[in-house]
Amino acid sequence: MGAALAGTPETCDTILLGRVTFTEWAGYWPAVANGEDAGFAQWIDKSPKHVVSSTLDSVDDWSNSTLLKGDPAAAVKELKAVEGKDLTVAGSPTLVRSPLEQDLLDELVLLIHPVVASEGRKKPFADDARLKKLEPVSAQPTSSGVIIAAHRSVC
C-alpha cells in the first residue's frame, strides 16, 4: 500500500486534516526518521497542514500546521484557490462530507480495508446525504488487501 501511495508527495503539497487524524498523526509522523516510511514522514512534516476543528485551541505541536475553525467547505474553497499542487484530505471521513456535498472534491480516493467495522466508527456519508454519482477513475488492490479506489464526481 505504501508503494501505491508513494506518488502523493509528487501530486499534493497541502494536507487537510480533521481533529482526530491530526491528533493521531502529530503524535506519530514527526518521530519517524528511518525505515520505509521516512520519506513520507519528511514530506508530511514539511507540508502545510490545515486542521479543521471546533474543539482544538492550538495545532502548534506539529510544524507547518494551521488551525481552521468554521465551515470545512469554505476552507476547501480558499485552499483550492491557492496556486500549487493538489490538496489532499487524509483520514477524516466526516471532514469529507461538506466538500463532497458542495461539489468541491475533484477526486474522491477511498482506501477500502478488508475488515468489517461495527459501531463506534464515523461514516463518511450522512444517512440523509443526497445521491452523489461518481465516475470510477481507478482501482488498485494492494498486497495488504486494501483496495485504493479513485472516483470523480459526475455533474
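Predicted model: local features only at pLDDT ≥ 70, side-chain atom pairs only at ≥ 80, totals over all residues.

Me: Why is H5 called roughly perpendicular to H6?

Reply: Helix H5 (residues 72-80) packs against H6 at about 70°, the axes being 8 Å apart. Axes are lines fitted to C-alpha atoms, for helices over the stretch in contact, and angles run from 0 to 180 degrees between N-to-C directions. Angles of 65 to 115 degrees count as roughly perpendicular, so H5 gets that label relative to H6.

Me: Which residues make that contact?

Reply: From H5 they are Pro72, Ala73 and Val76, and from H6 they are Leu95, Ser98 and Pro99; contact means heavy atoms within 4.5 Å. They split into five nonpolar, one polar and no charged. Ala, Val, Leu, Ile, Met, Phe, Trp, Tyr, Cys and Pro count as nonpolar, Asp, Glu, Lys and Arg as charged, and the others, Gly among them, as polar.

Me: What makes S3 and S4 edge strands?

Reply: The open sheet runs S3-S2-S1-S4 with parallel pairing. Strands S3 (65-68) and S4 (86-89) each pair on one side only, so they are the edges. Two strands pair if DSSP finds at least two bridges between them, and S1 (residues 12-18) and S2 (residues 49-52) have four bridges, so they qualify. Strands are DSSP runs of E with at least two residues, and helices are runs of H or I with at least four, numbered from the N terminus.

Me: How do you know that S5 and S7 pair?

Reply: Same test: at least two bridges are required, and S5 and S7 (residues 147-153) have five, in the antiparallel sense, so they pair. Val109 stands opposite Ala150 in S7. Their open sheet has the order S5-S7-S6.

Me: What lines the second largest pocket?

Reply: Its lining includes Arg97, Leu100, Glu101 and Phe125, and H6 (residues 93-101) gives the most, with three residues. The lining divides into seven nonpolar, no polar and four charged.

How values were computed: Residues numbered from 1 in each chain as written. Heavy atoms only, no water. 1 Å grid on protein atoms, 1.4 Å probe; cavity = no way out; pocket = protein on both sides within 12 Å on 5 of 7 lines; lining within 4 Å. Parallel < 35°, antiparallel > 145°, perpendicular 65-115°, else oblique.
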